[in-house]
Amino acid sequence: MVLAEYKPTRSQLLQVRKTLKLAERGHRLLKLKRDALMIEFFQVLERAREVRSNIVDRYQDAAGKLAVASAIEGRVGVRSASHALLQKPELELTTRNVMGIVVPKIKAEKVRKRIDERGYGIIGTSPRIDAAAEAYEELVEDVIVAAEIETTMRRLIEEIEKVKRRVNALEHRVIPELEDTERFIRLRLEEMERENIFRLKRFKEAGA
Amino acid sequence: MEIAVAGSEEFVLGFRLAGIRKAVGAAPEELERAVDALLEDEDVGILVLRSDEMAGLSAGLRRRLEVVPQPVVIAVGGAEEEDLRTKVKRAIGVDLFRTT
């Protein structure tokens, strides 16, 4: 904003004051939004860390069980069991709104299956394959939870950054510039008024 | 909708055991194309990748994985993601993932 752009008139002064008031109100509201987003973020962060650490543990456990199954049954045995599976996990993806941010809500079905629902024969495969399949089903369950939470966290972070940039722009640029403009117009109007009074005095003196 | 997994054969085999049909086993040089195809698939709700393999993807594709609204992309096999950590640090101003 360049001061020279503004004409020092009464209506312009009122206009700038109105804009300044609006900017201050926006600044206050955005600060409140930023704080509320931060609170939401910290709540999600706790859950995200918990789920992430679960995934790390479960993945190690599942990979270990798969390695044992592969070592005993052979990779071909494990692979053929994996191809025999009949039911696949089904997802239902909807969205919900957290303070104006659209975050995913994931509902899953048929992730955990009973041994007889898996499709491969009970007799033809060993308990090691069952254990690996169960461990991976648990991992998939956690992955679904993590997908929801981590995406929510990502979107919250992006929004916090955006709101923070807006708050800073208002606080350090827009509001100070509007205050400067308001001061400039006010002082210029006062100066013009003084000039006018002086001119009137001179007229009066000349007339007398 | 379905869950999809992409990565090395060893990585996807376990997920196949859990009943995931869209488990694409691909060599490292083929992975980008496989991920790209899964991103285009409208039936994929969640895409699971291995952390270290995801880090090896091109910067453009990684950026796309971050911003794409669907599928939700999740990395398995590593602790906190480095980019998430940097983002949190930039947004909050504090490194919340620091352990020491």
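**Salt bridges and burial**

Me: What conventions apply to the model and its numbering?
Reply: The model is predicted, so local features need pLDDT of at least 70 and side-chain atom pairs count only at pLDDT 80 or more, while totals for chains, interfaces and linings use all residues; side-chain values use heavy atoms, leaving out hydrogens and water. Chains are lettered from A and ligands numbered from 1 in the order in which they are written, and residues are numbered along each chain, as its sequence is written, from 1.

Me: How many residues separate Glu40(B) and Arg64(B)?
Reply: Their side chains form a salt bridge (a side-chain nitrogen of Lys or Arg within 4 Å of a carboxyl oxygen of Asp or Glu), with an N to O distance of 2.7 Å. Glu40(B) lies in helix α2 (residues 28-40) of chain B and Arg64(B) in helix α4 (residues 59-67) of chain B. The pair thus links distant parts of the chain, and the separation is 24 residues.

Me: What is the relative accessible area of Arg50(B)?
Reply: Arg50(B) forms a salt bridge with Asp52(B), the closest N and O atoms being 3.0 Å apart. Arg50(B) is buried, and its relative accessible area is 19%.

**Chain B as a whole**

Me: Which pattern does chain B follow along the sequence?
Reply: Helices (H or I, at least four residues) and strands (E, at least two) are DSSP runs numbered from the N terminus. Chain B has five helices and four strands. Read along the sequence, their pattern is β-α-β-α-β-α-α-β-α.

Me: What share of the contacts in chain B with a separation of 6 or more joins residues 24 or more positions apart?
Reply: A contact means heavy atoms within 4.5 Å. Of the 100 residues in chain B, 53% are buried. For the contacts with a separation of 6 or more, the share from residues 24 or more positions apart is 54%.

Conventions. Buried < 20%, exposed > 50% of the residue type's maximum accessible area, 1.4 Å probe, protein only.
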